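Visitor: I am new to this structure. Please take me through the sheet and then one of the pockets.

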Amino acid sequence: MSPDHERKSMNRPVAVIVGVGNGLSASLARLLAADHDLVLAARDTRKLSGLCGETGARAVAMDASDPEEMASLFDGLEAPPRIAVYNPSYRLRGPVTELEARKVLKSIEVTAFGAFLMGQAAARTMLEAAPVDGVRGTILFTGASAGVKGFPQSAPFAMGKFAQRGLAQSMARELHPRGIHVAWINIDGGIRNPSRPERMDSADSPDSMLDPDAIAHAYRQLVRQHRSAWSSELTLRPWTERF
């Protein structure tokens, strides 16, 4: 980290993003880098070298479903985070009669149990922080339409996202009165990603996929909401999505 960045980072709030890739998480990191010190967590941090160089972030290699590794992530922060975002999920497809039990368990561990671990660790550390305008921090969970309706051959993903949504609802009711904003975001549609060109927008339907930069701006709006009008759930979908 350069001396200029060290001076710039003094007394800046900390933002933690768990489950960082080259899509939504990267967009959110770039957006928050202007006024936050970033900690980016992923299983494989080698892929984050460019993003860390661009944003001045610190990368942490970890398994989000491991309680000790999640605790270590938050114990290693220089200050309680003002923002914590959980993005990991493990999507397992197949007929319910043919699914492997161990893979189903892994899907639930990553999507739901990991979300609980981050939510718990983030809440514990945020409650130690002095409130700023009555707010101690914001915890955001990246959900999906599978948390609202279960789709065929996608039972494990629905189980995980339904559990994640219930977690966020319980946490919001418990922690909002204590100055911690908790919200679950339903990403109802495919996210645009240059690494998957086969899923990009079609010529006759521009913006038919969610722009990760636009999603990131919506997350920041949640962080900036006044506590007199906090959202606990937000649904984001492109204009072409049927619902």
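Visitor: In what order do the seven strands of the open sheet run?

Guide: This is a predicted model, where local features need pLDDT of at least 70, side-chain atom pairs count only at pLDDT 80 or more, and totals for chains, interfaces and linings use all residues. Residues are numbered from 1 along each chain as its sequence is written, and side-chain values use heavy atoms, without hydrogens and water. Strands are DSSP runs of E with at least two residues, helices runs of H or I with at least four, numbered from the N terminus, and two strands pair if DSSP finds at least two bridges between them. The pairing is parallel and the order is S3-S2-S1-S4-S5-S6-S7.

Visitor: Which strands stand at the edges?

Guide: An edge strand has a single partner, so one of its sides is left without a neighbour in the sheet. That is the case for S3 (58-61) and S7 (233-236).

Visitor: Which helix packs on the sheet and touches S1, S2, S3 and S4?

Guide: Contact means heavy atoms within 4.5 Å. The direction of this helix makes about 160 degrees with that of S1, on a scale from 0 to 180 degrees between N-to-C directions of lines fitted to C-alpha atoms, for helices over the stretch in contact. The helix is H4 (residues 67-75).

Visitor: Which element gives the most to the lining of the second largest pocket?

Guide: A pocket is an open set of points on a 1 Å grid over the protein atoms alone, where a 1.4 Å probe fits, with protein on both sides within 12 Å along at least five of seven lines; lining residues have an atom within 4 Å of a point. S4, S5 and H7 (212-224) each give two or more residues to this lining. With three residues, the element that gives the most is H7.
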